Amino acid sequence: MLKKTYEKINALFEESNGYLSTRKLLDNKITTIQIRTMLEEGKIEKISHGNYWNCMSGQPKPENYKMIEACMTNPRAVICSLSACYYHGLLKEEPERLYVATARTDRSGMKLTFPVSRHYFSIKAFDEDVQRISTKYGEIRVYDVDRSVCDCIRLEQEIGRETVELVMEGYAGYSRRKPEHLLEYADRMRFGKIAREYLARSGN
């Protein structure tokens, strides 16, 4: 490709803070052949179906890029449980998998370049307690801290008791926690007894 073509594509990515969709590239007269060439050359990275990251600038990906890319890939997805607890600062280490919630009726693809643990909720439960955080790279949708802790308790068999206890330790030191909100949600999801036991043991 011509040098000016690379410069044009790089400028388009910079205008969008490093991320671009296939549609935006095509709308700007960048062909699928040119996109494929840049992928093969390592100039851009495919993060999911129809979305790319600019590798030409040499800039590192943003903080919480996995959450940004998941929400970019599926505009209805919400970061949940362990990943949401990490986002809220209850965990020091980022989980190996990104925990994502979608509605049971949502069959949109979530194939990303990193492991994802996808959980389905009823429409009512899915829409509750969502926080929307705007970044220059796109919106992050994440459940609030009380809901996120509660979901970790609910997923004890999957993530392990020790991990849940780490979450509860972090929750005990969280200044804006609302245990009554956690229990209200736990009661609706029918595991209030277990949630109360965890709260009592952790001093919340």
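**Cores, helices and aromatic pairs**

User: Which residues have the most contacts inside the largest nonpolar core?

Analyst: The largest nonpolar core has 32 residues. Such a core is a set of buried Ala, Val, Leu, Ile, Met, Phe, Trp, Tyr and Cys residues joined through side-chain atoms within 4.5 Å. Buried means under 20% relative accessible area, exposed over 50% and partly exposed in between (1.4 Å probe, protein chains only). Those with the most contacts inside this core are Leu90, Val149, Ile153, Val167, Met168, Tyr171 and Leu182.

User: Good to know! What pLDDT do side-chain atom pairs need to count?

Analyst: Residues are numbered from 1 along each chain as its sequence is written, and side-chain values use heavy atoms, leaving out hydrogens and water. This is a predicted model in which totals for chains, interfaces and linings use all residues, local features need pLDDT of at least 70, and side-chain atom pairs count only at pLDDT 80 or more.

User: Which element supplies the largest share of the 32-residue core?

Analyst: Helices (H or I, at least four residues) and strands (E, at least two) are DSSP runs, numbered from the N terminus. At least two residues of this core come from each of H5 (81–87), strand E5, H6 (123–127), H7 (145–154), H9 (161–172), H10 (179–188) and H11 (192–202). The largest share is five residues, and it comes from H7.

User: Which residues does Met168 touch, leaving aside its neighbours within four places in sequence?

Analyst: Met168 is one of the residues with the most contacts inside the largest core. Counting heavy atoms within 4.5 Å as a contact, its partners beyond those neighbours are Val149, Ile153, Tyr198, Leu199, Ser202 and Asn204.

User: How many residues does the other core have?

Analyst: Another core lies apart from the largest one, with Met67, Met110, Leu112 and Phe114 among its members. Its number of residues is 18.

User: Are H10 and H11 roughly parallel or roughly antiparallel?

Analyst: Pro179, Leu182, Leu183, Ala186 and Asp187 of H10 meet Gly192, Ala195, Arg196 and Leu199 of H11. The axes, lines fitted to C-alpha atoms over the stretch in contact, come within 8 Å and cross at roughly 155 degrees, on a scale from 0 to 180 degrees between N-to-C directions. Angles under 35 degrees count as roughly parallel, over 145 as roughly antiparallel, 65 to 115 as roughly perpendicular and the rest as oblique. H10 and H11 are therefore roughly antiparallel.

User: On to the rings: how far apart in sequence are the parts tied together by Tyr19 and Tyr137?

Analyst: The structure holds four aromatic pairs, meaning rings of Phe, Tyr and Trp (its six-membered ring) with centres within 6.5 Å; planes under 30 degrees apart are stacked, over 60 edge-to-face and the rest tilted. Tyr19 and Tyr137 have ring centres 6.3 Å apart and planes at 90 degrees, so this pair is edge-to-face. Tyr19 lies in strand E1 (19–21) and Tyr137 in the loop between strands E7 (130–135) and E8 (138–143), so the pair ties together parts whose separation is 118 residues.
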